[in-house]
Amino acid sequence: MIIPRGYIRTFISWLRLVIRTIAFRSYTSILSILRRVFQHCQSIIDGKERIFRDSGLAWSSQPAAVNQEKYTSVTLAVPLFELSPRQSDGWNGVASDIQSPLDSRAPWIISMPEPSTTTSIAIISHPVAPVQSFDSITLIPATPGQIKRYDRIEFQGDYALYEVPKGLLDCSEELALVSGWEPLTHPEGALFFYHSYKRVFTDADIRTPGMVDNIGKAVDKAYKEVENAGIDLDPSVELVLEFMNGDHEEWGYYFADHDRRIIFWFEAHKSSDLIGGVRGVKCADHIRYALESQYWLHVELYPNKRFLPKDVVVRLREIVMYTQADNITSDTSLAPFSSEEVASMLSLMDPLMGSAGIEHEHPHEHSVWIVARFMEEFCNVKFVNFCGQPGARLNADQSLYGDTNTRSNNIFLRVMNFILFGSPNAYNKVLRKIWVDSTIVQPRWKNFINRLNNEWNGYTIFSTVMLAVDISFLAVPSVGTQKAAILVSYMSTLCAMGSLVVSLVLAGQVNDSRRDSAKSVASFMEGISVSVLGLEGLALMLCLPFALLIWGMTFFAAALSIVIFTSSVVTISIVSPIWAAILILATWPVLASNDVHISDLFSWITKQIKSHRIPLWSATRARVESDV
């Protein structure tokens, strides 16, 4: 009979545990432990499932049987461990894998991790050292968004060749527990630590001298404060500690509840990082979406050792399908992703369903990370749009704060809007639909930037053509004698050159990180909106390539007109009607963009004539009657 490798590793780990207890256990107890270990191995070989429990050793194992019922993980919590407090590998800096002789009479209860429902395992409360002083430790409420994982930069040393030792590579020392802390690697590559008994995650490097003792005090203080606050912790609750840079031992903390899918603290807390720029948060059922969004960010930061529940994947699939339908049928969808991005997300749903549940031997941290990343975005959108609240935002154009004015009262901007052919007002309307209530509509921003790039590429071509036309026009011998035509042609050349330069500069500025990152786009728009000119200033800047190009063409048309109307009478009589028709047709769209229509002009003229006709007729009649 061939024993699977997984069971051999289990046997070896327990054999090490037995050897460590030799100094503190009697000879009879050791024989009892060995007898139960070999009985367990025999049950594995025979293909039977047995549970060994007594006052000396409790060991529960569930080898896979053909007709065994498969369980489904209820939450995303890391599977619980039933461990004695002494089995926490020592606390406060003392590494100890053995039980104290003073407590040798206590039963030793150790269970292998079971990927089953978290409610089926009872866990003892977290003990706190009664004589320990926490005066040097300060706990500050934090959120998962304040974890400074991506801000930690450690520069590596000089280039050197690493000598690989002979034989099989052994990484056991680097991957070994450090006083109960297990090093884990995030799917992105980040290193963090997890204490299975205390259920604590941290990004702090536990292997730093003195760190184990400091974080041990912080953990004990956190659980002590929870006890003092009268908060009952569920067994699946996880604690996260983040070392804050300061003059004292300051630790940011939060708890994650997997049953309710929120984060919480042992004290009341107000946080700008939690609500962001959202104004008017008044209800607990509203702030819950922000807490749930932070919960999913917690799972995204620490996805290891978790099993993916099927109900979570089903919920995500429903949300993604609804989002795609909303994108297809509505131009004002509140979806944070474009239709193409949602289609890519839909293609991941079937593989995620295959990874869901606990039918697999190992957790799927990559699938957990994917689900957490998506759910974080969708929950945050619900919070920003006041989901479930009176007056919730139902379309992307709706403002909840009454800021719907797209017309500027600034005289300078109104004059510039007229000079630049109404293009600043057109861009301002588009920007108002992108920046709604100090919130960026990311899909619209991406489409807007793509459209701007295409337009600016066209403007560079037209500006280059205009430069060539202006230079060729100045080279005509008959133009050399027309000083007015030369002057206007110079102005046309400068405007075309300005359009070309501005197009290239704006294209280079927009194609940086502001284009892709929602956070950087929001920061950029926030800075623009609080400037002197506000969003109108940004609209004015974005319309410059178009407006300067139009002015370049206008000046060239004026130079050409000067040459035409200073020529012979025959030429003027032939060209004048065509010139007038083209002028009217060219000014028509400019007037229409500024809400000035020819039909309205005719109506105004007719109204003025009628209003002056009656007084004139009355005056004439009065004179006639007086003469008579």
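**Two hairpins around strand 5**

Modeller: Strand 4 and strand 5 form a hairpin with five residues between them, and Gly189 in the turn has a positive phi of about 115°. This is a predicted model, in which local features need pLDDT of at least 70, side-chain atom pairs count only at pLDDT 80 or more, and totals for chains, interfaces and linings use all residues. Residues are numbered from 1 along each chain as its sequence is written, and side-chain values use heavy atoms, without hydrogens and water.

Colleague: How many bridges join strand 4 to strand 5?

Modeller: Strands are DSSP runs of E, at least two residues, numbered from the N terminus, and two of them pair if DSSP finds at least two bridges between them. Strand 4 (residues 181–185) runs antiparallel to strand 5. Leu184 stands opposite Phe192, and Glu182 stands opposite Tyr194. The number of bridges is five.

Colleague: Which residue in the turn between strand 5 and strand 6 has a positive phi?

Modeller: Three bridges join strand 5 to strand 6 (residues 200–202), again antiparallel, with Tyr194 opposite Phe201. Four residues separate the two strands of this hairpin, and the one with a positive phi, about 55°, is Arg199.

Colleague: How many residues of strand 5 are buried?

Modeller: Buried means under 20% relative accessible area, with a 1.4 Å probe and protein chains only. Strand 5 (residues 191–195) is mostly covered, and of its five residues the buried ones number four.

Technical notes:
Buried means under 20% relative accessible area, exposed over 50%, partly exposed in between (1.4 Å probe, protein chains only).
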